[in-house]
Amino acid sequence: MRATTEQAGETHGGPVVAIIGGGFTGGTAAWNLARRVGDIRVIVFEPRAVLGAGLAYDTADPVHRINVPAARMSIDPDSPADFADWLAETRYADTDDASRTTGDTLFPRRKAFGDYVAARIEPFLSTGRIRHVRLRVTNLTRQDEAWILTTEDGSTYRADRVALATTHPAPTAPRLLAAMLEGHPRFVADATVPGALDAIRPSDSVLVVGNGLTSADVTASLIHRGHRAKLTSVSRRGLRSRGHAQAPQDPHGDFVSRPIRSARLLTRRIREAIVQADLFGVSWHAVIDAARGQGREIWSNLPIAERIRLVRHLRPFWDVHRFRIAPQVEQALDQATESDRLETLAGSIAAVSYHGGRIRAAIKLARSGGTIIRDFDAVVVTTGPAHNAIIDSQDYLADLAARGLAVMDPTRLGIWCDEHSRLLDHEGWPVPGLYVAGPLARGTFGELMGLPQVSEHAALVAAEIVASIEAPAKKSAGGA
């Protein structure tokens, strides 16, 4: 094992904060910590070459675009137009004519947002306030008042505080498909892997399992590549991600002044708000935006049992209205549907086998629609991250769980933490010095999958860490 030179308070002095995961959440948390006055040093453990992009914004596919207008995305919650300003400064739109939509709204490529976040972080990398370690963390061990992080090459690092900003687990292919199709050259078990679609030929009929944002990306990408055969998308409810309103609207609806204590009542109140909004010529988008903006308080007002009920029964409906697709992607899907090149089915895969060199699938249609048999040349899984597998997906998390220091939250959306984002052990006690950042904390904070909520939460975690570091010093100074 290689000895570490990162002993807090020795060579360089000052407290050290380690962040495990350097995607948007981890990169933004590091940026928030580094720009604060003080001598805090930040180490970010991220295998990727660039901080702040992660899986979502590190794609080179020109079809992959941000799903909300650029004017509503920013690394800084206090400066919501920062990304839009960066786009103007860099004259990005001059290199991407397709980024402009009706009303001159910008929906640039996702890589542009990743480049923007990296550009904001770069000055702190140059000055050494942030250090980027391109290794995975395999183990966390408490030593005295600090944590020792062990990486995949055996190196160890000492940190006073640690923020867990690990990425979502990769999608898990349905067992039935994985068992039969593993090793097939055109079975894509994880469509988020770079180059995953390269094996699919333009003339291949394709079964897309799942119908959310990843499915939309896959369909748009295949069309952009010149794919010309039939695409069939199947999901349990057949719900496709919705697009954006025709024009900007202010959020409409109040879901917190009268606290909502049940999933059923929340659903009724949202439906009532949509009907009311329609009277004023306002679309459902504004109501969902209001619910999203009030999401943390709505979530905190719901008892645990109702949160679980909400996730179990209503999450698919929320997701397709909350997580919208860019107009360019929506147009591609609409055109494919109208030309009968894209078929969307509500159902599930009942059986799969090989037949005459092709993949034969039995699809059991929902709502007692019977079962249909279809032959395909390729199958792509787009079911989204396997949130339930988060702890087992990372060695260090599995080890913490084995020691009773980390558990799934009751809704099984992420890792259990408190309102200060401190990791909770199996008895519900905060684990000293460990924090949960970003979407992994949404079981406690509710709406934490999109911007600006993730940006706001990264700032909150940074503030909590700084406060925890400064508190002992202030107490000591007061006692003196």
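Colleague: In which sense do strand 10 and strand 11 pair, and over how many bridges?

Modeller: Two strands pair if DSSP finds at least two bridges between them, the helices (H or I, at least four residues) and strands (E, at least two) being DSSP runs numbered from the N terminus. Here strand 10 (residues 231–235) and strand 11 (residues 342–355) pair in the parallel sense over 5 bridges, and A346 in strand 11 is the bridge partner of S235. This is a predicted model, in which local features need pLDDT of at least 70 and side-chain atom pairs count only at pLDDT 80 or more, while totals for chains, interfaces and linings use all residues. Residues are numbered from 1 along each chain as its sequence is written, and side-chain values use heavy atoms, with hydrogens and water left out.

Colleague: What is the strand order of the open sheet of 7 strands, and which strands stand at its edges?

Modeller: The order is 8-14-9-10-11-12-13, with mixed pairing. Strand 8 (187–188) and strand 13 (371–376) stand at the edges, each with a single partner strand, so one side of each is left without a neighbour in the sheet.

Colleague: Is D96 buried or exposed, and which residues does D96 touch?

Modeller: Buried means under 20% relative accessible area, exposed over 50%, and partly exposed in between (1.4 Å probe, protein chains only). D96, in the loop between helix 2 (82–90) and helix 3 (110–127), is buried, with a relative accessible area of 3%. Taking contact as heavy atoms within 4.5 Å, D96 touches R65, P108 and R109, not counting residues up to four places away in sequence.
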